[in-house]
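This report looks at charged pairs in a protein chain and at one of its helices.

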Amino acid sequence: MEGKISVIVLAHGDEKELTRCVNRILNQNYKDYELIVVSTQKNSELEEKANNTDLMTLYIKDVDKLEDLRAYALNKADGDRVLFVEPNDFLIDEQSITTLNEVYTQKNADLLLNSFMTLRDGKFYFIGGEDKHILREVFLFQQIEKVEFRKLGGALIKKSLLDEMDADDLVKSDQVLLNRLSRKAKNIIFSYQNKYVYDQVVGNKLPELDSGKEFELYFSDTFKIVEQNKKNGYVNKITEKISIALCTDENLVKHIGTLLYSVDENTSSFVDAYIIYRKNL
């Protein structure tokens, strides 16, 4: 099933490969799409391209944050779904949007994320695998493990999901917005089609995992209680050392690292951790 796709490129002024990115998008063979480019700076080459095709619209917006450009672009998009492409990245071939849309449609997805192909030192690096469904409950763990879950570039998203987001969420970081979207999504798919290329040029860095409170890497509201107690002058009476026992099996052992990370982030005392592991027979 084909539907209109709004391809969004956001440029904050220091992108080296913006023209290449736009050219690759305009070369797609998908029948029904629009290209929306929102930039903080005028670009005569892009203006000429926009004037010569009905597929592309260029907006110049003077804002401080890249996330504000995103909110503006989404307000202009009228596709059934949205594909984000970052200006220093590009789509590998003219079939890219068609292929991603086929996976999106066949898997009945409303949030499609993609394994990146990386261009480094003139060579392409990628991994293969089977396209798979991602449970909403483990999306946060995927954000910890895979950078593709922290970057909007390459994400094909049902537009109505984005329309459901609060205005404040639309100007949050990629990591936070994707996490919010995962809560609304009914079918999250991770694809290994390798149609999206991350170009490892100077200054084009992949987002590091942000572990601040706002970024959902706290699994309870305990930190809020701690902060309030500090404001109230509470004196820590916890013993210098705490012992914890963790019982697990093959089904949950992969989450032990995340649990220990959370303990470390939320505990000021020394901790002895005892892990009891039962291997399934």
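## A pair between strand and helix

At 6% relative accessibility, D199 counts as buried (under 20% relative accessible area, with exposed over 50% and partly exposed in between, using a 1.4 Å probe and protein chains only). D199 forms a salt bridge with R20, the closest N and O atoms being 2.7 Å apart; a salt bridge here is a side-chain nitrogen of Lys or Arg within 4 Å of a carboxyl oxygen of Asp or Glu. This pair links distant parts of the chain, D199 in strand β12 and R20 in helix α1, 179 residues apart, where helices (H or I, at least four residues) and strands (E, at least two) are DSSP runs numbered from the N terminus. R20 is partly exposed, at 21%.

## Basis of the model

The model is predicted, so local features need pLDDT of at least 70 and side-chain atom pairs count only at pLDDT 80 or more, while totals for chains, interfaces and linings use all residues. Residues are numbered from 1 along each chain as its sequence is written, and side-chain values use heavy atoms, with hydrogens and water left out.

## Other salt bridges

The count of salt bridges comes to eleven. D174 and R70 are joined by one of 2.7 Å, N to O, and both residues are buried. E34 pairs with K4 at 3.8 Å between the closest N and O atoms, and K4, E34 and D78 are linked in a network of salt bridges.

## Helix α1

Within helix α1 (residues 18-26), L18, C21, V22 and I25 are buried.
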